[in-house]
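Visitor: I'd like a close look at just one part of this model, please. Could you walk me through a single chain and how its residues pack together?

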Amino acid sequence: MGVEGIGAKVLRKEDRRFITGRGRYVDDMSVPGMKYAAFVRSPYAHAKINGLDTSAAEGMPGVIGILNGQQLQGDGIGNLICGWAVSSKDGTPMKMGAWPALASQTVRHVGQAVAIVVAETQAQARDAAEAVMVDYEELPVVTKAVEALKDGAPQLHPEAPGNLIFDWELGDRAATDEAFSKAAHVTRLHIHNNRLVPNPMEPRAALGHYDPAEDHYTCWTTSQNPHVARLVMSAFYNVAPEHKLRIIAPDVGGGFGSKIYIYPEEIVCLWASKRTGVPVKWTSDRSEAFLTDAHGRDHETDVEMALDADNKILALRVETVANLGAYMSLFSSATPTYLYATLLSGQYDIPAIHANVKAVYTNTVPVDAYRGAGRPEATYVVERTMETAARELGISPAEFRRKNFIRSFPHQTPVIMAYDAGDFDATLNAGMEAADVAGFDARREEARSRGKLRGLGMSCYIEACGIAPSKAVGSLGAGVGLWESAEVRVNPVGTIEILTGSHSHGQGHETTFSQLVAERFGLPVDNVQVIHGDTDKVQFGMGTYGSRSGAVGMSAIHKALDKVEAKAKKIAAHLLEADEGDIVIENGEVKVAGTDKKLGWHEVCLGAYTGHNLPDGMEPGLKEGAFYDPTNFTFPAGCYICEVEVDPETGTTQIIQFVAADDFGRVINPMIVDGQVHGGLAQGIGQALLEGTHYDDAGQLLTASYMDYAMPRAWDLPMFKVSTHETLCPGNPLGMKGCGEAGAIGSPPAVINAITDAIGNNELTMPATPEKVWKALSAVE
Amino acid sequence: MTDVTITVNGREMKGSVENRTLLVQFLREHLGLTGTHVGCDTSQCGACVVHLDGKAVKSCTMLAVQASGSSVTTIEGIAEGQELHPVQAAFREHHGLQCGYCTPGMIMTAVDMINRHGSSLDEETVREELDGNICRCTGYHNIVKAILSAAGAAQPQAVAAE
C-alpha cells in the first residue's frame, strides 16, 4: 500500500468545501427567474376530495400559478410506481393502488399533496397554499397493519381488497413443520420492529427548470440515484423523454435510503415549470419531511425456533406483517421480502426455514428501505431469538451462537442466499475481547453495589450488500439491473477524472475512489477528480444504496482502470521499445522492469493524445469505461456487544460500552469505514432507545418534529470501540463487502439483549424508553 | 419592508427585508451566504448556528431586523484566507463530518464552546453542549474528538487507545 493507496487513512478531499460553507446543496442553487413552490397538503389521513377552490389564493400577492391533480392527469403525467414485482404465494401479482403525484379524488395519508402553488417568494407561496380551500369528506382511518387486515377495517385501495398487497412466502414449509415436530425445545417471541423516520439532516428539495427554446428539462434534486430518477420519470411518469431530461444531484446532505425514491414533488416541480414558464424550487421543511419522506421498518413478527436436545437449531418459522403505508414506494415490496427473509439464517447453520410475509396498506406515510432495509428487521428477529433461546436453555449466549455457526463456505442457506466467505468465530472472539466479557460479572457486581443494574447483550449479524447479479434480481422481480458503470478519463497531462454512477451523500467517494488510482499508478489523490450525480456527465449508473458503492461501484472503476493500464502499457512498450509484459507502473512512472528505462506517467498520457508515435492501428486517447455486474451479493458480518447500566429508580438506560467487530472484506480507507460504523450504530441505538413514530387513531402523526421524535444527540451515545477483521469477498476483484449499513443492522438487538439482561425481563419493545424499561422492571419485581 | 444593517463577516451589509424574514433567510437569500443551513423548523437541529456579537445563536430563531446593528460571523467568515480555522482543520483531521450538512452549525457551536471553556473541555461537557446540534451521519464520535482536539483538551480514554 502506498501512502494514499488501498488501506491508507487518507483525509477526505471533499471536506474543504463543507467545512468552509462552500458545499452546494439543492436549496443553495438558484437560476435566473426562479420562483418558489409550496404544496397544499391533506390534513386528513383518509378523505374524499369533493372540490378545490383556489379563487382566494389566486389573488394573493406574488402568486404565479396554482396547479392541481386533474391538470396533472390531463397533461398525461403518470402515477408513481413500485419497481419491484413481488407475487403472493398463490401466484397472484402484488396489488398496487394508484398513486398520483397530486391527489385529485382521494387522500390516504396526512401530508399527501393535492396542489402546488408557485409564487415570487417562498413565504408568498406558503401564504397562498394556506388559502387554497379543499372540500374534504373524511373517511375511516387505519394506521396499524394488523388492524388493517381485520374484517371490517377501512379499505384504502379498490385494487387491494382487505388492504392486502401480497401474502408471500419463502422457504420450505413442510420441512420446517417436520423439524418442529422433532424439537426438544421451542423458543417463541413476538417482535415489534418500530417505525422510523430516516431524517437526513438536509431536507429534500427540487428545482425544476423547463427551457422552452430547447424543449429541455433540468431538475436539481436531493437524490441518491439520479439516473434511475431520470429513467423512471421519463419511462413511467411521462415527465419528459429521457434525452430531454437532465437530473443533477449535487451535494446531498445524507440519504439513508430516503432519497432513493422518486417523490411527487420533483415530478410536480418539473411539470409546474413548464406550465408556469418559470423555474420552480421547492424545499421541504422538517415537518413536511416527517409527513412525506418514506419511513422505515414497521414490522410485527411472530418467530419460533426449534432446537434439538444438543442445542442445535433445527428450524426457524417466521410470520411477519409489514406496514407499507398508504402507497407502494419505489422498492417497498423488496424490503420486507427479498431483503428480509433471505437473511433469516443469520450466521447459523439452520436446516429448515419458512417465512411468511403479509404486506399491508394503512393510512400512513409510505414505508420503504431505510438504512439496512430488511436486514435490520431480520437481524433483530434472529438475534433476539438467539439470546432468548440461550437464556431459556441456561447456556452462554456466545457458546450457543458458536455451537450453531456456519464454518464452511460457500454455504447455501434454505432462504436463497449462498454465503461466499466469512469467519464468524473471528469477529465473535474480537468482540468479546474488546468488550472484556470475561470481566463483566465483576462489573455487574460493582454496579449492583451502587444500586444500578448492568446488562450485557450481543448480536452476531450477517447482512447482504451490493444486491446482484442483475440476472438474479431480475428473476426475483426487480425492474432494473443492479450493475454499476464507471469511466476513467486520463487527461493529456496525466491527471485523471473518474466518472461514476454511484452517488456520494456523505460516504466520501471522492476520496476512496481516488485511492484506487493512487494504488494503481502511484499518483497523488489530488490528481484525481471524481465526478458523479449528473446525468449529462455520467452515462448511466444505478446510484448508491444497499452499501453497493464499494463492492459494485468501485469494481466498475477497477475494471475501467484495468483497461487504462493495459493501453498505457502498450503505448509505453512501444515508446520504450520494450516488451509489454515488462512494463510496470509505479509512483507515477512507467518503467521497464529490471532496467533504468522509464517514462513519466504524464509522458505516456501525452503520447496517447498527440498520436505522434502510437503502435500501428491503435486509436489515440486514453479513456476507458466499464460496466460491472457482480456474481453474487456480498456478506458483511460481525459481532456487536453492548453493555448497559439501568437505573431501577427511573428506568433510564445508559450505554456504558459499545463494541463493534466487523468483517467488511477489504477496507480501502479505515477512517471512513470507522465513520460509517459510528453513524450506523447511532441510528441503530436510536431505534433501540429513542426513536418511535406514533400515529393517533385519526392518522395524525404525533411525532412530526424534533420536539416529538427523539433523534439521538451527542449526550445519548458513548465513544464506540470499533475494529475490522478482513476475510476477502471472493465475488469482486477488490474483495470488498460494504460497510454503510452494518452499524444500523447489528446494533438494535445488542442493545435490547443488554437491557433485558439487566432487568431480567425479556418483554421489552423498541424504543426502550425509560417508561417502558421501568414498567418492565416493575413487572418482575 | 424594513431596512437592516448587519456587519457580516466584517463587512457592513445593508438590505431591505420583510419583517418576518429570519436572519438565516437574510444570510442565505439576500447575501448568498449558503453555508448556513436550515435543518428543521423548531430550533432543534442547530444547522443554522452563527455567531451574533461573538456568541453562538440559531439564525432560524431570530428575525433579520432583530440582528440589525449587530455583527454576525458565519461559517464563511472564520478561516483566514486559505488557512482554515483550527476547529475547521480539526473536523477534517478527525473525520468529524460526512454529508457536511450539519457541519457549519457544529463548527460554529464548537468555536463558541472552545472560546468559553478552552482546554478545560472534557467529553462530558462537549456532549452536553452539543445538545442543540443534531448530526445524523457521524454518531458524534469524531465530532467530540475533533472539538477536544481543537481545544487542546485530553481525548476520552476509549479513544486514546485507538
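Guide: Of the 162 residues in chain B, 55% count as buried, where buried means that 20 or more other C-beta atoms lie within 10 Å of a residue's own, exposed means 12 or fewer, and partly exposed is in between, with C-beta atoms placed from the backbone. Keep in mind that this is a predicted model: local features need pLDDT of at least 70, side-chain atom pairs count only at pLDDT 80 or more, and totals for chains, interfaces and linings use all residues. Residues are numbered from 1 along each chain as its sequence is written, while chains are lettered from A and ligands numbered from 1 in the order in which they are written.

Now for the overall build. Along its principal axes, the C-alpha trace of chain B spans about 55 × 30 × 25 Å.

What's it built from? Chain B comes to six helices and five strands, and these follow the order β-β-α-β-β-β-α-α-α-α-α along the sequence. Helices here are DSSP runs (H or I, at least four residues), strands are too (E, at least two), and both are numbered from the N terminus.

Finally, who touches whom? Take the contacts in chain B with a separation of 6 or more: 61% of them join residues 24 or more positions apart. A contact means that two C-beta atoms, placed from the backbone, lie within 7 Å.
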